[in-house]
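The report below walks through a structure for someone who has not seen it before. Please keep the sequence and the 3D view at hand while reading.

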Amino acid sequence: MSDRKYAAFLYAANAVMTLLFITPLLWMVVSSLKPETHIFADLNSIKALLPSSVTLDNYIKAFHRIPMMKYLFNSLFYVTVICISGLVVNSLCGYALAKLQFKGRDMLLSGVIALMIVPFESIIMPLYFIVNTLGWVDTWLALIVPFVGNCFSIFMFRQFFMDVPNEILEASAIDGSSPMKTFVRIVVPLSGPVFTTVFILTFITHWGDFLWPILVTTGEKLRTVQLGIQTFFTLPPVYYGQIMATLTFTTLPIVILFLFLQRYYIEGITHTGVKG
Amino acid sequence: MNGTMQGEAMASAPRSHKMLSLRKRKRQEAIMGYSFLLPAGLLITLFLILPFGLAFVFGFTRFNLLRPDQIEFRGLENYLFLFTDPLFYRSLYNTLYFTAIVVPVQCGLALMLALLVNQKLRLTNLFRIAYFSPVITSMTVIAILWIYLYNPNDGLINSFLHALGIPKQPFLRSPDQAMNSIILMSVWQAAGYQMMIFLAGLQGIPKELYEAASMDGANRFQQLRYITIPSLYNVIVFVLTITTIQAVKLFTQPYIMTNGGPENTTRTLALFIYQQGFQFRNAGYASAISVVFFIIVVLLSFLLRKLLRDR
């Protein structure tokens with residue numbers, strides 16, 4: 001096959017696959033902007049994927065029926081707190097494992113790596129037991145605290161800090177800086193990329209939290225956006241347009257975050273992949 | 001500990017002051033090291049290691065999750081029951097079936113997509129984002145969306161099939177099609193993730209290898225077979241391993257879409273743990289299933305490593 005023919009083949013194959021891949025999400029967004037009757041009228045043709053008369057009606061009506069803004073705020077709040085406190089706690093730990101000398105360091109590192117394999121589903125019963133014993137059910141603490149310390153984040157930080165040259169750290173130590181001061185003043189400013197990567201990986205993971213919030217939140221007060229849409233789609237009367245509006249709305253924050261931090265997110269995925 | 005430290009310090013006293021301060025600094029560094037570890041270590045101990053240990057302990061007991069004061073030690077009762085429970089075997093079978101299909105199909109598709117977008121075409125970035133967009137969408141959104149796509153009467157997929165002259169399908173409502181419908185959706189959702197990893201691997205293969213091969217007259221298929229695949233071997237092993245571990249944990253899709261039905265055909269181990277522990281409140285039994293589940297995850301990942309490494 002000549003290069004030109006091969007390029008043509010690639011374009012054709014990509015076009016078909018792209019159409020298959022975007023159809024579901026495109027239908028979701030387009031339907032959220034259509035009057036209910038149009039959604040069904042357009043189902044049998046390509047019009048299902050094209051916006052007809054664009055209206056925000058579905059959004060307005062859905063937001064009257066459930067407090068989506070409140071759910072959105074709840075999710076944004078607890079996920080952001082997990083991310084920020086996780087960055088502090090896990091970067092310190094990763095730095096100690098990468099650059100500080102102390103007894104048992106290698107053993108602790110192996111421990112962190114081994115713990116990465118423990119599936120959340122296999123500890124969920126006893127974890128609920130602990131959180132319940134602490135009296136945290138139906139509080140922010142239950143949603144946040146168990147997920148701040150994270151072996152995967154620690155490992156990502158450790159790998160990044162390993163590449164920080166020792167000369168810089170030694171120079172700072174000779175100037176009389178404590179390890180803490182060296183870390184905050186010298187290492188952190190050099191490590192923007194790894195902080196951003198861990199932030200967005202953590203954010204997208206916890207934005208999708210579903211099983212755990214079902215267990216530890218019972219009322220409206222702490223209801224997350226994922227539980228909100230799950231409740232809404234079983235709430236009669238069922239209107240496709242309104243459901244698609246809540247689904248699209250829930251996805252927006254992630255899309256915005258992804259648009260800005262795309263490179264770091266993909267680096268986070270591929271870095272672990274190629275090195276692992 | 002203090003004694004030996006002093007002893008060492010005294011022994012080195014005749015040497016320079018610098019040695020002493022170095023030793024002191026080393027000790028300070030160790031203290032700092034431990035204190036840097038402390039917050040994360042404490043959290044991980046309390047919310048990962050402790051529950052992990054408790055799962056093993058609870059597995060030997062019987063109690064209602066909301067009445068932990070009435071806990072009873074029952075020895076191996078839960079495990080003995082587990083191995084005679086048809087629902088456990090059904091869940092195990094469903095989980096393994098899902099894994100056995102999803103892992104090769106999804107990884108194969110991901111590799112194909114990576115090959116498609118590894119070229120410098122004008123629209124490459126757009127294609128990549130299209131394949132990747134379901135990955136960043138949360139599973140809850142996707143599962144709810146696909147319930148409507150799969151609707152037996154007026155779903156988008158059935159309308160499409162109808163237009164092609166194919167009769168409407170029941171999808172999630174049918175015991176024969178429910179699990180396969182979940183598989184199709186899951187492959188679509190996650191293939192972009194593996195694609196990104198493969199893509200990074202592909203870009204690490206030296207161009208000279210391909211140039212040399214095409215000078216020797218190797219066609220594109222031969223290049224794929226003899227250069228691309230062997231060079232990607234470690235990446236493929238890694239991708240297969242993480243996809244397997246992901247697949248075994250299947251929960252959200254059946255929870256939202258089918259609740260394990262119809263006729264238990266989509267009940268997975270993770271869903272079974274949830275139902276036993278939180279719906280029927282058999283905390284002891286659910287913990288025993290958790291332990292077996294964990295062992296299966298570990299066994300599968302070791303098995304995969306062994307199978308693929310020894311070539």
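## A tour of two chains

Tyr89(B) lies in helix H4 (residues 86-116) of chain B, where helices (H or I, at least four residues) and strands (E, at least two) are DSSP runs numbered from the N terminus. This is a predicted model, in which local features need pLDDT of at least 70 and side-chain atom pairs count only at pLDDT 80 or more, while totals for chains, interfaces and linings use all residues. Residues are numbered from 1 along each chain as its sequence is written, and chains are lettered from A and ligands numbered from 1 in the order in which they are written.

Tyr89(B) counts as exposed because it has 12 C-beta neighbours inside 10 Å; a residue is called buried if 20 or more other C-beta atoms lie within 10 Å of its own, exposed if 12 or fewer, and partly exposed in between, with C-beta atoms placed from the backbone. Although 180 residues separate Tyr89(B) from Leu269(B) along the chain, their C-alpha atoms are 9.2 Å apart.

**Domains and the contact between chains**

Chain A is assigned a domain 1 (3-55) and a domain 2 (62-275), and chain B a domain 1 (2-50) and a domain 2 (81-309); such bounds come from an automatic or database domain assignment. The C-alpha centres of the two domains lie 47 Å apart in chain B and 33 Å apart in chain A. Within chain A, the contact between the domains takes 8 residues from domain 1 and 7 residues from domain 2, two residues being in contact if their C-beta atoms, placed from the backbone, lie within 7 Å. On the domain 1 side of that contact, H1(A) gives the most, with 4 residues, and the residues of this side divide into 4 nonpolar, 2 polar and 2 charged. In these classes Ala, Val, Leu, Ile, Met, Phe, Trp, Tyr, Cys and Pro count as nonpolar, Asp, Glu, Lys and Arg as charged, and the others, Gly among them, as polar.

The contact between the chains takes 75 residues from chain A and 76 residues from chain B. Helix H1 (residues 3-32) of chain A gives the most to the side of chain A that touches chain B, with 14 residues, and that side is made up of 57 nonpolar, 16 polar and 2 charged residues.

Leaving aside residues up to four places away in sequence, Met195(B) touches Ala110(B), Leu113(B), Ala114(B) and Tyr131(B).

At what angle do helix H5 (residues 124-136) and helix H8 (residues 178-203) of chain B pack? The angle is about 115°, and their axes are 7 Å apart; axes are lines fitted to C-alpha atoms, for helices over the stretch in contact, and angles run from 0 to 180 degrees between N-to-C directions. Among the residues that make this contact are Tyr131(B) and Phe132(B) of H5(B), and Trp188(B) and Met195(B) of H8(B). By class, the contact has 10 nonpolar, 2 polar and no charged residues.

Ala247(B) lies in helix H11 (residues 233-248) of chain B and counts as buried because it has 22 C-beta neighbours inside 10 Å. Not counting residues up to four places away in sequence, Ala247(B) touches Phe98(B), Thr99(B), Val102(B) and Val103(B).

**Backbone details**

A cis peptide bond with omega about 0° joins Pro236(A) and Pro237(A), and the peptide bond from Gly261(B) to Pro262(B) is also cis, with omega near -15°.

| Residue | Phi | C-beta neighbours inside 10 Å |
|---|---|---|
| Asn259(B) | near 50° | 12, exposed |
| Arg281(B) | near 60° | 14, partly exposed |

Asn259(B) lies in the loop between H12 and H13 of chain B, whereas Arg281(B) is in the loop between H13 and helix H14 (283-309) of chain B.
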